[in-house]
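Colleague: Could you take a close look at one part of this model for me? I would like to hear about the salt bridges and what surrounds them.

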Amino acid sequence: MRVKYSLAAYFAVGLFVSAVSHTEAWADDFKIEPGFVSLFNGKDLTGWGYLTNNFDGKNATDDGRYSASNGVLVVHPKEPRLLQALWTTREFPKDFVLKFEFRAGVNADSGVFLRKPQLQVRDYLVAGPYKQLKNYKQQDWNEVEVTVKDGVAHCVCNGEVLEDAKKLPETGPIGLEADRGQMEYRRIRIKE
């Protein structure tokens with residue numbers, strides 16, 4: 001007996017295979033380092049919010065600027081351009097090491113707030129201010145490490161210094177800025 005498949009059936013199988021492949025592309029064997037605690041669970045925005053609320057258990061902010069899925073926290077562009085900041089729901093008064101990875105769209109502009117002051121995180125070679133970086137990978141994953149000791153932050157991207165002695169207040173949350181273009185963050189973790 002010969003079975004004929006409709007074009008719709010082929011299309012549905014194609015979509016399924018594509019979805020499975022996409023999901024597997026996000027899966028990896030990353031293990032958080034000893035002593036570090038994840039600030040992003042990879043599934044939703046638990047532990048994050050705007051200054052007046054939180055998004056515990058939600059996959060996206062009410063305004064659609066931020067979403068979470070497949071291990072990635074995405075900052076979505078908005079037209080007209082509109083600044084927004086997503087904050088951790090707790091503060092960090094002790095010395096700490098913060099590590100995260102980011103991927104910036106072309107000319108994307110974002111930032112990570114460290115107890116409120118901002119470290120620019122963006123498509124550095126196009127948007128600056130760190131246009132001389134040799135190890136920055138455009139439109140690919142880059143790792144930032146911030147070491148805060150006695151109210152001073154030392155910040156590196158892929159091993160290259162961004163800020164050597166950025167002064168910070170005594171305490172405050174960690175934040176992610178939404179400004180221009182799409183930004184993606186993953187593996188956001190901290191060790192106090």
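Modeller: Glu 101 and Arg 187 are both buried, where buried stands for under 20% relative accessible area, exposed for over 50% and partly exposed for what lies in between (1.4 Å probe, protein chains only). The two form a salt bridge, with 3.0 Å between the closest N and O atoms; the term asks for a side-chain nitrogen of Lys or Arg within 4 Å of a carboxyl oxygen of Asp or Glu. Because Glu 101 belongs to strand E6 and Arg 187 to strand E13 (residues 183-191), the pair ties together parts 86 residues apart in sequence. Strands (E, at least two residues) and helices (H or I, at least four) are DSSP runs, numbered from the N terminus.

Before going on: this is a predicted model, in which local features need pLDDT of at least 70 and side-chain atom pairs count only at pLDDT 80 or more, while totals for chains, interfaces and linings use all residues. Residues are numbered from 1 along each chain as its sequence is written, and side-chain values use heavy atoms, with hydrogens and water left out.

Another salt bridge joins Glu 184 and Arg 103, at 2.6 Å from N to O. Glu 184 lies in strand E13 and Arg 103 in strand E6, so this pair ties together parts 81 residues apart in sequence. Glu 184 is buried, with a relative accessible area of 11%, whereas Arg 103 counts as partly exposed at 22%.

Salt bridges that share partners also make one network of Glu 33, Lys 99, Glu 143, Glu 145 and Arg 189. Within it, Lys 99 and Glu 33 have their closest N and O atoms 3.4 Å apart. Lys 99 is in strand E6, and Glu 33 is in the loop between helix H1 (7-26) and strand E1 (37-38), 66 residues away. Lys 99 is buried at 14% relative accessible area, and Glu 33 is partly exposed at 22%. The count for the structure comes to 10 salt bridges.

Leu 114 is in contact (heavy atoms within 4.5 Å) with residues including Leu 98, Val 146 and Ile 174.

Methods:
Lists of a residue's contacts leave out its neighbours within four places in sequence.
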